[in-house]
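Please walk me through the structure shown below. Plain paragraphs will do.

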Amino acid sequence: MHDLRRAPARLLVVDDNKVNRLLLTRSLELQGHDVASADNGRVALERLRAESFDLLLLDMEMPEMNGFQVLEQLMGDRALRDLPVIVTSSLEGLANIVRCIELGAEDYLSKPVNPVLLKARIGASLEKKRLRDRQKELVRRFATPEVAEDLQQSGFALGGRRITGSVMFADIRGFTSLVESQPPEETIELLNTWYTLMFEAISAQGGVVNQMIGDGLMAIFGAPLSLPDHAAAAVRAALDMVEMIQLLDAEREQAGKRVLHIGIGIATGEMVAGYTGTQQRATYTCIGDTVNLAARLEAHTKAARRVILIDATTRAALGEDTPIASIGGVMFRGKSAPVEVFTVTAGGALPASG
C-alpha cells in the first residue's frame, strides 16, 4: 500500500499514441509519481499481472485490445478489480462514459486532458485506494484468511447457508486459578502464546478459528471454505494442539511455572454457517445442534478426565489407524437420549486435578 506522504505512487499509462504517452508520462513524473507505460491493452494487462501499480490511466481506442476490453478483464480479475482506473479518451458521447463507469472506471476525462483537473482526479483516486487498502488490511488483521477470502469473493451479507462440517471447542483447564496466581502481564503473555500455538495447529489443517473468549476458542472445519476431510482434519489439529501444549509444558516446568492442561471437543454434522450481527458489526460463525454438541463435549473432558472427546459422526469419518476408545453414552443437557462419546487416546488423560 502506497501512502503519498511517504512514497510516490506507481502509475501505468496506457496509450497507443507515442507522443501522448511520453508527454503524459513526463507530466506525471514531474508530479512525483513513479510512471510506467504500455502501448496497448494486452501489454498493459501483462504488466498489471506481473507488477504492482496504484492507478491506471487508460486510453480507449487502441489496437489488439481496446480500453473497454481491458476494463472487462480487470472487472473479472479478483486481484485487479479494485485498481483505480482513470479513462483518458477522445471518444465522445454519454454512452461511452456510462459504459466505462459501469465497467469499473473511477473517472472519465476527455482529451485533450486538462493537467490541473487530471492532477486533482489522480489525487482523489489514490486517496480512495489508500482507504480501500487500509480497509482490506483491517479485514485481514481481524478476520481469518479464509473469512477475508470469502468476503472478497462473495461480499458481505447477513444470513447463512446449510453446510456439513466439523466444529471444535477448546480451552485451558483451571485457567481462573492460574490467572489469580500470576501477574496480569504474565497472563496476557500466556494467552498470546496459547493462541499462537493453537492457531498454527488449526490453520495448518484447514480449520478456521472464529471465536476467542478468554482462554477458550471455537474453530470450524469445512466453512467458509469447503474441506473434504473436515472431521479427520479437526482430529489431526487436536492432536497437534496437544503435542504443542506438551512441548510448552516442558519449558514451563523447567522454568518453575504451572503446566497447562487443555480440553478439546469435536462434533461433526450439519449446521448453519454465515455472518451474524448487524451491518455495523458482524462475525462469521456456525450455529446448530452440532455446534452445541461440540461445546458439551469440550466441557465434559474435565468430568471424563480426557483431553480429546469426539462424537460418533466424527468417529465414523476416521481411519482405523486413529487410536480411539469409546467411553460409552453420556447424557448431555438438551438431549433426550445418551450420546455415544469417544476419546482419541493419543490425547491421553487429564490428571485427577485437571
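Is isoleucine 101 buried, exposed or partly exposed? Isoleucine 101 is partly exposed, because its relative accessible area is 41% and the class runs between buried, under 20%, and exposed, over 50% (1.4 Å probe, protein chains only). This is a predicted model, in which local features need pLDDT of at least 70, side-chain atom pairs count only at pLDDT 80 or more, and totals for chains, interfaces and linings use all residues. Residues are numbered from 1 along each chain as its sequence is written, and side-chain values use heavy atoms, with hydrogens and water left out.

Isoleucine 101 is found in helix 4 (residues 94–102); helices (H or I, at least four residues) and strands (E, at least two) are DSSP runs, numbered from the N terminus. Together with Leu94, Ile97 and Val98, Ile101 makes a nonpolar surface patch of about 330 Å². Like charges are joined within 9 Å, and nonpolar side chains (Val, Leu, Ile, Met, Phe, Trp, Tyr) within 5 Å. Accessible areas come from the Shrake-Rupley method with a 1.4 Å probe; for residues, only the protein chains shown count as cover.

Five strands form an open sheet in the order 2-1-3-4-5, with parallel pairing. Strand 2 (34–38) and strand 5 (107–110) are the edge strands, each pairing on one side only; two strands pair if DSSP finds at least two bridges between them. Strand 3 (residues 55–58) and strand 4 (residues 85–89) run parallel and are joined by three bridges. Leucine 58 stands opposite valine 87 in strand 4.

Most residues other than glycine have a negative phi, and most peptide bonds are trans. Glutamate 64, in the loop between strand 3 and helix 3 (67–75), has a positive phi near 70°. Glutamate 64 counts as exposed because its relative accessibility is 57%. Proline 112, in the loop between strand 5 and helix 5 (115–142), is joined to lysine 111 by a cis peptide bond with omega about -5°. Arginine 305 has a positive phi of about 55° and lies in the loop between helix 10 (289–304) and strand 11 (308–311).

Helix 9 (residues 230–254) has 25 residues and should span 36 Å at 1.5 Å a residue, which agrees with its end C-alpha atoms being 36 Å apart. The expected span is 1.5 Å times one less than the number of residues. Just after helix 9, glycine 256 takes a positive phi of about 80°.

Notes: Patches are made of residues with over 30% relative accessible area and no salt bridge: like charges are joined within 9 Å, nonpolar side chains (Val, Leu, Ile, Met, Phe, Trp, Tyr) within 5 Å. A salt bridge is a side-chain nitrogen of Lys or Arg within 4 Å of a carboxyl oxygen of Asp or Glu.
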